[in-house]
Amino acid sequence: RYGVKVAMPAEYDTSTYYGRGPTENYADRNDAAFLGVYCQTADEQAHAYVRPQETGTKTDMRYWRQTDRGGRGIEITASAPFCASALHYSAESLDGGDEKAQRHFGEVERSPLVFLSIDMAHVGAGGVDSWSDDAIAMEPYRLHSGTYEFCFRLTPIR
């Protein structure tokens with residue numbers, strides 16, 4: 001992914017967004033996610049896969065609002081559609097590392113923080129088939145190293 005990660009206090013756990021949803025979706029897995037306005041909590045965005053892994057990303061965002069229950073928080077807009085997610089799990093806590101330890105989602109400690117990801121681009125989910133170890137995304141959905149520019153605006157919501 002190419003973007004920014006922000007740790008926010010727990011009370012900012014409500015996401016309202018205009019983009020593809022309401023289920024998680026990735027560049028190569030978003031045809032069944034339709035553009036619309038959706039509202040979810042950070043808990044509702046995490047999918048409890050048997051093996052903990054990346055989860056919750058949404059694509060084609062036009063805006064994303066991360067707020068508390070009173071509606072106070074921030075709004076993110078960008079010069080082009082972007083990806084975003086907000087979870088009570090850091091990316092590091094969901095990644096089993098190179099060893100891929102045998103554990104289940106319920107064993108990952110839920111953080112009191114909300115981890116907001118704002119991404120210009122996110123690699124596709126990959127996994128063209130379910131029987132091989134070739135989980136890399138197809139070429140059009142890969143994110144190669146290089147120089148990128150991502151302009152977005154954070155606006156306070158009071």
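Biologist: By the distance rule, how many disulfides does the count come to?

Modeller: This is a predicted model, in which local features need pLDDT of at least 70 and side-chain atom pairs count only at pLDDT 80 or more, while totals for chains, interfaces and linings use all residues. Residues are numbered from 1 along each chain as its sequence is written, and side-chain values use heavy atoms, with hydrogens and water left out. A disulfide is a pair of cysteine sulfur atoms within 2.5 Å. By this rule, the number of disulfides is zero.

Biologist: Is Cys-83 buried or exposed, and how does Cys-151 count?

Modeller: Buried means under 20% relative accessible area, exposed means over 50%, and partly exposed lies in between (1.4 Å probe, protein chains only). Cys-83 has 8% relative accessibility and therefore counts as buried. Cys-151, at 41%, counts as partly exposed.

Biologist: Which residues form a nonpolar patch on the surface?

Modeller: Patches are made of residues with over 30% relative accessible area and no salt bridge; like charges are joined within 9 Å, and nonpolar side chains (Val, Leu, Ile, Met, Phe, Trp, Tyr) within 5 Å. Accessible areas come from the Shrake-Rupley method with a 1.4 Å probe, and for residues only the protein chains shown count as cover. The patch has about 260 Å² of accessible area together, and its residues are Tyr-18, Leu-35 and Val-37.

Biologist: In which strand does Tyr-18 lie?

Modeller: Helices (H or I, at least four residues) and strands (E, at least two) are DSSP runs, numbered from the N terminus. Tyr-18 is partly exposed, its relative accessible area being 31%. Its place is within residues 14–21, that is, strand β2.

Biologist: With which side chain does Asp-119 make a polar contact?

Modeller: Asp-119 belongs to strand β6, residues 114–121, and is buried with a relative accessible area of 1%. A polar contact is a pair of N or O atoms within 3.5 Å; within protein, one must be able to donate a hydrogen and the other to accept it, and residues adjacent in sequence count only if both atoms are side-chain atoms. At 2.9 Å, the partner of the Asp-119 side chain is the side chain of Arg-1.

Biologist: How many salt bridges does the structure hold?

Modeller: One of them joins the side chains of Asp-43 and Arg-110 at 2.9 Å, N to O. Asp-43 lies in helix α1 (residues 42–45) and Arg-110 in the loop between α2 (91–94) and β6, so this pair ties together parts that are 67 residues apart in sequence. Another joins Arg-72 and Asp-68, whose closest N and O atoms are 3.0 Å apart. The number of salt bridges in the structure is 10.

Biologist: Where is Asp-13 found?

Modeller: At 10% relative accessibility, Asp-13 counts as buried. Contact means heavy atoms within 4.5 Å; leaving aside neighbours within four places in sequence, Asp-13 is in contact with residues including Gln-40, Arg-69 and His-88. Asp-13 is found in the loop between β1 (2–8) and β2.

Biologist: What distance separates the C-alpha atoms of Pro-52 and Phe-82?

Modeller: Pro-52 is in the loop between α1 and β4 (58–67) and is buried, with a relative accessible area of 5%. Not counting residues up to four places away in sequence, Pro-52 touches Leu-94, Arg-103, His-104, Phe-105 and Val-108. Pro-52 and Phe-82 are 30 residues apart along the chain, and their C-alpha atoms are separated by 24 Å.

Methods. Salt bridge = Lys/Arg side-chain N within 4 Å of Asp/Glu carboxyl O.
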